[in-house]
Amino acid sequence: MADLGFNEHHQNEAINYMRFARSKRALRLKTIDSCFQDLKDSRLIEETYTVDEVSDMLDGLQVLVRGEVEMELINTAHTNVLLLRQLFSQAEKFYLRLQTDISELENRELLEQVAEFEKTDFKSNSKVNQESNKPKLVPLNEGGVSELLQKEISRLQAENDKLKSRLRTLESQAMSALDDKSKAERALKDLQKNQGDHQEIANLEDTVAVLQADFEKTLSANDASQKDLQDNLVSAKHELLRIQEQLSLAEKVLERKFQQTAAYRNMKEILTKKNDQIKDLRKRLQRYESDE
C-alpha cells in the first residue's frame with residue numbers, strides 16, 4: 001500500500017471506505033441477481049418461446065438491470081461528493097485548501113494498485129477497529145503542509161507587527177499635529193490681542209497729532225490757552241510713555257510666543273516702524289518745547 005502514499009491512519013480510512021463501497025456494491029449485485037431470478041421464475045415456464053416473446057423478456061430485463069446500474073452509479077457519485085465535502089470541511093479548519101486532479105481518477109496504474117490493495121491488504125486489515133463513526137482529519141505534524149502553515153503564520157505575525165508599528169507612528173504624528181494646532185490657536189489669540197493693543201497705540205498717536213496741531217494753532221492765536229495746551233501735551237506725553245511701556249512688555253511676551261513663526265518677523269518690523277515714529281514725534285516735541 002506504500003505505493004499509494006498512505007500512512008497508517010490514511011490506510012485505515014481507505015479500508016473503511018472500501019468496506020462501505022463493497023457492501024453497497026454487493027447489495028446492488030444481489031438486486032440485479034434477483035431481477036434475473038424473477039424473470040426465470042415468472043416467464044421461463046414454457047419449453048419453447050417465439051422470437052418476439054424472447055425479445056420482450058430481454059427488453060424487460062434490460063430496463064430493470066439498466067435502472068439498477070444507473071441508480072448505483074448515481075448513488076456512488078453522490079456518496080463521493082459527500083466524502084469530498086467532509087474532507088474539505090475538515091481541511092478548512094486547519095486553513096488548508098485541498099485540490100483534486102480529475103485526470104488521476106483514470107490513471108490505470110493507480111487503479112490497478114487500488115485493486116491489488118483490495119485483494120491483499122484489505123483482508124489483512126479487515127479486523128482493524130473503526131476509530132469513530134465520524135472520522136476526522138488529524139493535524140499533520142510532519143513536513144510539507146505543517147511547514148507551510150508555520151511559514152504563513154510567521155508571515156502574518158510579522159505583517160501584524162509592522163501594522164502595529166505603523167499605527168503607533170500614526171498615533172504619535174496625530175498627537176504632535178494636535179499639539180501644533182493648539183499652539184497655533186493660542187498664538188493666534190495672542191496675536192489678535194496684541195493687534196488690539198497696537199490699534200490703541202495708533203489711536204493715541206492720532207490723538208497726539210491732533211493735540212499737537214491744535215497746540216500750534218492755539219500758540220499763535222491765543223497765548224492765554226498756552227498753559228492748558230502744555231498741560232494737555234504733558235499729559236499726552238505721560239500717557240504715551242505708559243503705552244510705550246505696555247507696548248514694550250507686549251513685545252517681550254509676543255517675542256517669546258512667536259519667536260519661531262513668520263508672524264514674529266512681520267510683527268517685529270511693525271513695532272520697529274512704530275518706535276521710529278514715536279522717536280520722531282519725541283524729537284518734534286522737543287523742538288516745540290525749545291521754541292517755547
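Figure 1. The chain has 7 helices and 0 strands, in the order α-α-α-α-α-α-α from the N terminus on. Helices (H or I, at least four residues) and strands (E, at least two) are DSSP runs numbered from the N terminus. Among contacts with a separation of 6 or more, 76% join residues 24 or more positions apart; a contact means heavy atoms within 4.5 Å. Residues are numbered from 1 along each chain as its sequence is written, and side-chain values use heavy atoms, with hydrogens and water left out. In this predicted model, local features need pLDDT of at least 70 and side-chain atom pairs count only at pLDDT 80 or more, while totals for chains, interfaces and linings use all residues.

**Figure 2. Confidence along the chain.** The mean pLDDT of the protein chain is 78, and 79% of its residues reach 70 or more; pLDDT is the predictor's confidence in each residue, from 0 to 100. Confidence is highest in helix H2, at a mean of 88, and lowest in helix H4 (residues 121-124), at 61. The pLDDT is below 50 over residues 129-134, a stretch with 4 contacts in the model beyond near neighbours in sequence. It is also below 50 over residues 136-143, where 12 such contacts are present. Where pLDDT is low, the predicted coordinates should not be read in detail.

**Figure 3. Helices H1 and H2.** Helix H1 (residues 8-43) has 36 residues and reaches 52 Å from its first C-alpha to its last, close to the 52 Å expected at 1.5 Å a residue. Helix H2 (residues 51-93) has 43 residues and reaches 63 Å, close to the expected 63 Å. The expected span is 1.5 Å times one less than the number of residues in the helix. The buried residues of H2 pack against H1; Met57, Leu61, Val65 and Thr79 are among them. Buried residues of H1 include Ile15, Met18, Arg28, Ile32 and Leu39.

**Figure 4. Glu72 and its contacts.** Glu72 is in helix H2 and counts as buried, at 14% relative accessibility. Leaving aside residues up to four places away in sequence, Glu72 touches Lys24, Arg25 and Arg28. Arg28 is itself one of the buried residues of H1.

Figure 5. A search of the whole structure finds 1 aromatic pair. The ring centres of Tyr17 and Phe20 are 6.5 Å apart and their planes are at 40 degrees, so the pair is tilted. Rings of Phe, Tyr and Trp (its six-membered ring) pair if their centres lie within 6.5 Å; planes under 30 degrees apart count as stacked, over 60 as edge-to-face and the rest as tilted. Both residues lie in H1, 3 residues apart, about one turn of the helix. Tyr17 is partly exposed, with a relative accessible area of 28%, and Phe20 is also partly exposed, at 39%.

**Figure 6. Tyr95 after H2.** Tyr95 follows H2 and lies in the loop between H2 and helix H3 (108-119). The phi of Tyr95 is near 60 degrees, a positive value in a residue other than glycine. With a relative accessible area of 72%, Tyr95 is exposed.

**Figure 7. The nonpolar cores.** The largest nonpolar core has 15 residues, and Leu240, Leu281 and Leu285 have the most contacts inside it. A nonpolar core is a set of buried Ala, Val, Leu, Ile, Met, Phe, Trp, Tyr and Cys residues joined through side-chain atoms within 4.5 Å. Leu281 touches Val208, Gln212 and Leu240, not counting residues up to four places away in sequence. A second, separate core of 6 residues includes Ile32, Leu39, Met57 and Leu61.

**Figure 8. Leu191 in H5.** Leu191 lies in helix H5 and counts as buried, at 15% relative accessibility. Leu191 and Met267 are 76 residues apart along the chain, and their C-alpha atoms are separated by 9.1 Å.

Terms used: Buried means under 20% relative accessible area, exposed over 50%, partly exposed in between (1.4 Å probe, protein chains only).
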